[in-house]
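Subject: Structure handover, salt bridges

Hi,

Here is the structure we talked about. Please load it before reading on; my notes on charged pairs follow.

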Amino acid sequence: MADTSKSKLKHEQVQYIEFLSKDLSRAKEFYTKSFGWKFTDYGPDYTAFEGTYVDGGFTSGKPVKGTVLVILYSNNIEATQQKIVAAGGIIVKDIFDFPGGRRFHFTDPDGYELAVWSLE
């Protein structure tokens with residue numbers, strides 16, 4: 001994921017937003033021209049951007065209304081996962097490793113999918 005300076009990493013707060021795009025090059029060009037976002041590519045199907053308070057990324061896929069993935073940061077990913085399950089959330093992707101940390105996905109009681117990530 002993008003910049004992981006400790007100042008951005010607030011426990012259990014939104015820290016990363018992920019979009020689907022049919023054309024990553026077009027998305028990068030649009031957001032660079034519109035907002036001055038800087039991108040880092042992670043292979044042919046993923047590019048990340050950095051913001052002052054929230055980072056994000058674009059992955060290859062067909063954009064569909066409702067496909068933006070909100071990602072929260074956690075200092076303790078296992079404890080956060082347990083709290084989510086205890087509150088009625090459903091784990092849809094268990095904790096997995098990726099370059100830069102670990103993450104899991106869950107749905108809330110309304111069916112919205114969110115994710116939580118951690119450096120460790």
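Buried here means under 20% relative accessible area. One caveat: this is a predicted model.

The structure holds seven salt bridges. Here are some of them.

Next, Glu-12 and Lys-83. Their side chains meet in a salt bridge, at 2.7 Å from N to O. This pair also links distant parts of the chain: Glu-12 lies in the segment before S1, Lys-83 in helix H2 (residues 77-86), and they are 71 residues apart. Glu-12 has 22% relative accessibility, so it is partly exposed. Lys-83 has a relative accessible area of 48% and is partly exposed as well.

Then there is Arg-102. Its side chain meets that of Asp-97 in a salt bridge, 3.9 Å from N to O. Is Asp-97 buried or exposed? Asp-97 is exposed, because its relative accessible area is 62% and the cut-off is over 50%. Glu-78 joins in too: Glu-78, Asp-97 and Arg-102 are linked in a network of salt bridges.

Over to you.

Best wishes

Terms used. Residues are numbered from 1 along each chain as its sequence is written. This is a predicted model: local features need pLDDT of at least 70, side-chain atom pairs count only at pLDDT 80 or more; totals for chains, interfaces and linings use all residues. Side-chain values use heavy atoms; hydrogens and water are left out. A salt bridge is a side-chain nitrogen of Lys or Arg within 4 Å of a carboxyl oxygen of Asp or Glu. Helices (H or I, at least four residues) and strands (E, at least two) are DSSP runs, numbered from the N terminus. Buried means under 20% relative accessible area, exposed over 50%, partly exposed in between (1.4 Å probe, protein chains only).
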